[in-house]
Amino acid sequence: MASDFERPLAGIRVIDQADENGEMCGRLLADLGAEVIRVDPPSGAASRRLPPFHDDISLYFTVRNLGKKSVTLNLESAEGHPRLENLLGAADVWIESHRAGDLDRREVLGRHPGLVITSITAFGLTGPYRDYAATDAVLVAMSGLLFRSGVPGKPPLLPPGAIAYDVAGTTAAFATVAALWDRAKTGRGQHLDVSVMEAAAQTSDWAMPSFSASKARGGSYYEIRTGSAPVYTMYPCADGYVRLIILNPRQWRAMRAWLGEPQVLQADHFDYLLGRMSIQHDILDPMFAEFFKDKNKLDLAREAQRRGLAMTPVLSPDEVLAADHFADRKTFREAEVADGVKGRVADGFFILDGRRLGFTGRAPAVGENDREPLAPIAKASTLADATQRRYPFAGLRVLDFGIGGVGVEAGRLLAEYGADVIKIETRAHPDFIRAIYGTEMNPAFASSSRCKRSFGINLRTERGLEIIKRLVAVADVVIENSATGTMEKLGLGYEQMREINPRIVLASSQLMGATGPWKDWIGFGPNSRTAGAMTWLWNFPEGGMPPGSGAIHPDHLVGRMLALGAIATLLARERQSGGHLEVAQVEVIIGLLADLMLKATLAPGTVEPQGNHNPRGAPWGVYPCDGNERWCVITIRDDDDWRRFRAAIGDPEWARAREYETARGRIEARGELDRNVAEWTCAHTDREVTEILQRAGVPAGFMMYASDMPTDPHLLARGYPQPVDQPGVGSMMFEGPAFHASSIPEPSVAPAPALGEHTREICRAILAMPDAEVSKLIAEGVLEDSEGKQ
């Protein structure tokens, strides 16, 4: 990069009129270099009044609006709409969250044809749920993110933070840069309809693909309603808890050696997960707990990692803030974060060429930039093919070294919008998600590797490395999320690839990042949650072992961050050549909890697990409904919601209690209130509760299971379930789009490839290798094709 470092989206202006469900979108674009102008009503955005607070300042608003400017706009006044038109006329992007019928986006686009309009709404602008009232908690339930959480005997457990909103904000930012990439080719703007429900559903651990495939085969998909799946186990130790994940035979043997090679564990079939599950509860769990009980969690994690085991400590926010690893990485920055408020705050998600793309300034006060003139921006020129619908990434070539759920998801997003994504893999060391069930294809792998081509190659051979370098020479992007240093050891580190192709963009993601004392730690999504304080916070107030969730979050979200950062870096490539973009998985977790982390620095000891309660209001939680393990979420934000709720349920005598008339009174009496609400919900199905309360405008929603997704009327209306005939699996459904666009076509739906399925094709068409040479290299084990499938 040039010495006068410039962020990738420098020169892009964004008008940000999103409400609480989309503010992360503008924050990410600001971190990437865009000028983001927050539009506030005269009284300030509603999100400025969301908890957590410090000295009456919303930390929720603060962390999602760092680096933005603020102008005020009263759309009720005569000058409001003309002023908005002036803002849009001087902008590249407009982020907004108006309801479906509040404005005609086509008319706005007609007046500003180069503008990208990113509409972020709870359920999208079409479909039967489009006018439903929602909160993040309601959308967590209705997207399929809730059903894996909690423990039997208790309600499903809502996550800390605003996971559905922040996932949607990230997805919206990706959609926005995709539209900007399209505009750079065509000169046209367009409208993007982003649904929080669908964006969050895309990150629900391949729930719908797995269920649909199981159902098609006549099988029974087990919808886990527990926080700790057998593979993501947690154990108590002397000063807390650790998470241990053992997936492959090498890891199992390392754990067995650490235990002293007990005779009871020597059977060969214990090398595999299914074999160990037969003794998990009766033998392994008690043995591990006894072994760990007198050891400290950090000592355990360090020793386990030294042995090649994926173990991480369950850290509290205070412990995260005090950890040497995050100090070394400068994960947090001491700064003024709002007018008169200073504290340590998570400093962004991206590192580009070794420089952290953190926030560029504090969150703005209402209207503090009203008097600043807007500098002119370069307008996009309309090109000849501006009316054609085209995939934005057509013509891009991506080498996907991804494994698990991070890199492969980044590659998937680029592939389904037109890029030629080539998955680099080998049977000697396959992507563990491909091979996790003992075959070379399964629903999870198929979902994340859809639309890609597979190139089978052994990179540990001299000839294999030579061939892959020839592909690097003609690629635009390389994606990898292997353990720190793996690519360098192969001879494919960024500097090594840059010598081959100066314009290459490398998108990397490691568990703990590529620097710091824990840089060599290995692990999976649930490991980053423990090390980033999410697991500690994802608990009931009474404490004990945190149940959290059995999901692999944040793997899918990190994949979206990688795809966003890669395309943003490509947008800057004409002026800055290529670049090395890094996203540490644990820092994504920390960034999503940035408001709670900031609260912990400003008021130590005040950030604790809150279960399903929320300081925003009461009743607020997860309530049982008629039927087996059927639940709904109800969230009363204010007194108006409460009055509508009372009327909707028939205004029973218990609801007329004087103490319930104010939010404070309801919060203080929430235990009794929850019992009364649960008595009412138990008399209705989850869908009935949703329909009754939504008719009254009360934010409420049923808990969506994987088995509900293929037939849900809203998802069907928006084309979310996408049927596909996947070789190696059969009939199944892929997750559909999280956004619809006026000019970008619907994402491509094509099966995932067999391992090495396209090796010969790629050698012939891209590398101009003779067929005879390719056959010889396959015979020698340098290349692999699908004929050798297992």
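This is a guided tour of one chain, stop by stop.

**Before you start**

The model is predicted, so local features need pLDDT of at least 70 and side-chain atom pairs count only at pLDDT 80 or more, while totals for chains, interfaces and linings use all residues. Residues are numbered from 1 along each chain as its sequence is written, and side-chain values use heavy atoms, with hydrogens and water left out.

**Stop 1: the whole chain**

Show the chain as a cartoon. It holds 33 helices and 28 strands. Both are DSSP runs, numbered from the N terminus: helices are H or I with at least four residues, strands are E with at least two. The radius of gyration is 26 Å, close to the 28 Å that the globule rule gives for 790 residues, so the chain is as compact as a globular protein of that length. That radius is taken over C-alpha atoms, and the rule is 2.2 Å times the number of residues to the power 0.38. Along its principal axes the C-alpha trace spans about 80 × 70 × 50 Å.

Of the 790 residues, 63% count as buried. Buried means under 20% relative accessible area, exposed over 50%, and partly exposed in between (1.4 Å probe, protein chains only).

Contact means heavy atoms within 4.5 Å.

**Stop 2: helix α1**

Select residues 23–31. Nine of the nine residues of α1 are buried, so this helix is largely enclosed by the rest of the structure. Among them are Met24, Leu28 and Leu29, but also Glu23, Arg27 and Asp31. Gly33 takes a positive phi of about 115°.

**Stop 3: helix α8**

Select residues 207–216. Here eight of the ten residues are buried, and the helix is mostly covered. The buried ones include Met208, Pro209 and Phe211. What do the buried residues of α8 pack against? Show α17 (443–448), β25 (721–726) and β26 (730–735): these are the partners. Just after α8 comes Gly218, with a positive phi of about 80°.

**Stop 4: Gly407**

Select Gly407 in helix α15 (residues 407–416). Is Gly407 buried or exposed? Gly407 is buried, with a relative accessible area of 0%. Not counting residues up to four places away in sequence, Gly407 touches Asp400, Gly402, Ile479 and Asn481.

**Stop 5: His758**

Move to the loop between β27 (739–741) and α32 (759–765), where His758 lies. At 12% relative accessibility, His758 counts as buried. Leaving aside neighbours within four places in sequence, His758 is in contact with Lys452, Arg453, Ser454 and Pro753. Then select Glu372. His758 and Glu372 are 386 residues apart in sequence and 55 Å apart in space, C-alpha to C-alpha.

**Stop 6: cysteines**

Select Cys237 and Cys763. Cys237 counts as buried at 10% relative accessibility, and Cys763 is buried at 0%. How many disulfides does a search of the whole structure find? The search finds zero. A disulfide here is a pair of cysteine sulfur atoms within 2.5 Å.
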